[in-house]
Protein chains: 2
Amino acid sequence: MATLKEVAELANVAPMTVSRVINNPEAVKENTRLRVVAAMKELRYSPNVAAKSLAANRCGVIDVFIPESIDLSNPFVMHFIAGISSELSEHYYSFLILRNRGIEHQCDGYIVTGLLKNEIDEFAQYARERNRPVVLFGHTDIADVDCIDVDNVLGAECGVRHLINEGHRKIAMVNVLEDKDYTVDRLNGYRKSLEDAGLEYNPKLVFYAQNSVEGGETAAAELIAREKVSAIFCATDTIAIGVSNKLKALGYSIPDDISLIGFDGLGHQLLASPPITTIQQPVYKLGAMLAKTLLGRLNGREAATKMMVAPKLLRGGSDKSFNAVVNPEMD
Amino acid sequence: MATLKEVAELANVAPMTVSRVINNPEAVKENTRLRVVAAMKELRYSPNVAAKSLAANRCGVIDVFIPESIDLSNPFVMHFIAGISSELSEHYYSFLILRNRGIEHQCDGYIVTGLLKNEIDEFAQYARERNRPVVLFGHTDIADVDCIDVDNVLGAECGVRHLINEGHRKIAMVNVLEDKDYTVDRLNGYRKSLEDAGLEYNPKLVFYAQNSVEGGETAAAELIAREKVSAIFCATDTIAIGVSNKLKALGYSIPDDISLIGFDGLGHQLLASPPITTIQQPVYKLGAMLAKTLLGRLNGREAATKMMVAPKLLRGGSDKSFNAVVNPEMD
DNA sequence: TCCTAAAATGTTAGCGCTAACATTTTAGGA
DNA sequence: TCCTAAAATGTTAGCGCTAACATTTTAGGA
């Protein structure tokens with residue numbers, strides 16, 4: 001493999017000029033640049049990543065911190081990591097998934113997820129001491145921690161508003177039985193869009209389930225026994241699949257008798273029949289965005305990143321207009 | 001961060017001795033080793049990956065070749081890549097997923113999948129010219145290409161034998177409508193276990209479907225209209241989910257009326273109700289094994305690796321004994 | 001005790017880049 | 001034409017490690 005030095009010789013410039021053409025082309029005269037580019041092409045030059053990192057005082061490794069409580073083989077995490085991985089490897093960074101903060105090793109920065117508020121403070125301090133940037137999946141006010149989060153409230157609002165626009169007036173929710181930010185947010189979104197539409201929020205229409213197919217089945221049985229609704233908003237697609245299974249087993253048709261909307265859009269909503277309409281989180285893209293933000297920091301960007309990403313409605317076949325009482329306004 | 005040199009000073013040895021303690025501890029006297037290890041611990045030393053790669057004439061990047069025809073977001077590929085990724089990053093290698101062989105860049109070796117026979121020959125030659133090792137997911141006789149494959153015949157045999165052992169005698173198969181090695185192999189396994197049990201292989205009991213939920217639904221409708229069977233072996237879990245949906249919609253109970261077995265075991269078999277019994281491929285592990293094999297080559301192992309991995313039955317709730325005619329022998 | 005081969009450790013140079021500073025070239029006004 | 005500041009390019013040193021060879025130490029037989 002050709003080295004930068006060989007390219008320099010062929011183009012009749014100093015090695016540093018070749019380096020500039022690669023890393024900071026504006027600093028080189030157009031004429032010289034073209035000569036160097038031609039030489040690179042002729043020698044099929046491609047940079048040695050290890051040498052680059054070493055000279056730039058990097059080690060080329062990013063730590064991705066995911067607490068042990070989170071199962072790495074769940075689809076959400078897999079998509080998330082795939083997004084991170086794609087962005088990092090494109091820039092020849094390797095990454096290490098850390099499950100706890102026991103062992104320390106060399107890395108250039110951190111991508112962090114699944115931490116509680118006080119843990120975030122602590123982690124930020126830890127990183128600061130080591131002079132390494134941190135990007136968080138979630139939200140924090142800490143100035144030197146970049147963060148990107150999904151707007152679960154907005155997502156839930158969007159889903160329920162869609163049902164309301166289809167004419168549904170009595171809409172149940174099956175939430176996850178877990179006290180996490182996202183469950184609270186999705187409930188709030190559900191409630192907000194009802195109230196925005198002038199509909200009463202009725203806690204009796206909110207059911208709780210384990211985040212599993214069986215959880216959804218159990219909740220659906222309970223729901224059907226107690227309430228009569230025309231639509232159900234599920235806090236996750238997994239629950240929605242369980243609800244779908246149970247409703248069909250009880251003889252209801254989806255969407256003719258009951259409309260259904262899930263949340264997540266990681267792909268398994270497509271395995272139900274009909275495929276479930278869902279609020280899709282761009283998880284892969286989120287992972288990639290986090291990685292990109294971190295690399296930006298490493299390349300000297302100073303401005304803080306604080307972002308909220310809105311998930312979007314992805315139509316399947318599990319919802320339809322209710323009665324003729326459709327609100328034709330918008331969707 | 002402490003460097004190897006600092007460790008050497010503290011332990012009062014040459015830097016090279018520290019390097020030996022890390023990479024080849026048998027070459028160092030126990031006494032010295034302990035002193036160095038203590039120094040490393042005291043200084044919280046961890047090696048700089050970039051420097052290591054550079055000095056060892058590596059670049060720390062592995063190319064993972066996955067043809068464009070394969071969708072990266074399908075669960076099989078995601079698990080596969082996750083396995084590769086986990087093994088590589090543990091050794092601080094980064095990797096790049098290549099979709100075609102257009103651009104060339106520096107890398108230490110290749111992991112390759114999804115190639116046809118002649119493409120494998122060609123790729124092996126390409127890698128040989130660059131003096132880089134290749135590990136293939138699949139099978140080849142080429143001596144200098146390591147390979148690891150899943151034994152689809154054995155897997156299918158195992159599933160169908162299980163049904164036979166449960167007393168089933170009339171077992172249909174829904175295969176994927178695609179002329180690939182794995183579809184042929186799974187059909188052969190189905191056929192073989194029938195014949196081994198002295199049952200007749202009847203081509204009329206083999207149905208074909210697109211590898212999708214809808215494909216499975218369509219095939220199931222056709223199957224039910226034409227044949228009366230007590231069990232169905234599906235070539236993929238996705239198809240099995242479609243079959244399950246349709247059978248339930250037609251009023252059949254699973255497993256009481258019909259037993260069902262799928263193939264893949266990537267997780268979505270759990271989303272059906274009841275969860276589908278499947279032949280599980282250890283895809284994540286396969287990815288990790290491929291990566292480990294490649295790293296072994298890079299570290300000087302000479303012996304070729306040619307491996308077949310047998311997938312295993314993973315019981316869900318979609319199969320049960322048929323009649324009292326159970327063969328109690330074994331499973 | 002001396003000698004020798006093997007074991008243990010050390011020395012030197014270099015992997016391929018870039019940061020930081022040094023020098024040369026260029027453009028354009030006086 | 002000369003001068004000056006900015007633009008362009010070059011030089012030097014070093015990032016942190018390991019390969020390859022060199023030297024020292026050690027064990028154990030003569």
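Q: How far apart do the C-alpha centres of domain 1 and domain 2 of chain A lie?
A: The C-alpha centres of those two domains lie 35 Å apart. The domain bounds come from an automatic or database domain assignment.

Q: And what are the bounds in chain A?
A: Domain 1 covers 4–42, domain 2 covers 61–150 + 282–309, and domain 3 covers 152–281 + 313–330.

Q: What should I know about the model and numbering?
A: The model is predicted, with local features needing pLDDT of at least 70 and side-chain atom pairs pLDDT 80 or more, while totals for chains, interfaces and linings use all residues. Residues are numbered from 1 along each chain as its sequence is written, chains are lettered from A and ligands numbered from 1 in the order written, and side-chain values use heavy atoms, without hydrogens and water.

Q: Now DNA strand D: how many residues surround it?
A: 22 residues do, and Arg20(A), Thr32(A), Leu4(B), Ser19(B) and Tyr45(B) are the closest. A residue is near the strand if one of its heavy atoms lies within 4 Å of it.

Q: Which helix gives the most to that surface?
A: H4(B), with 4 residues. Helices are DSSP runs of H or I, at least four residues, numbered from the N terminus.

How values were computed:
Helix = DSSP H or I, 4+ residues; strand = E, 2+ residues; numbered from the N terminus.
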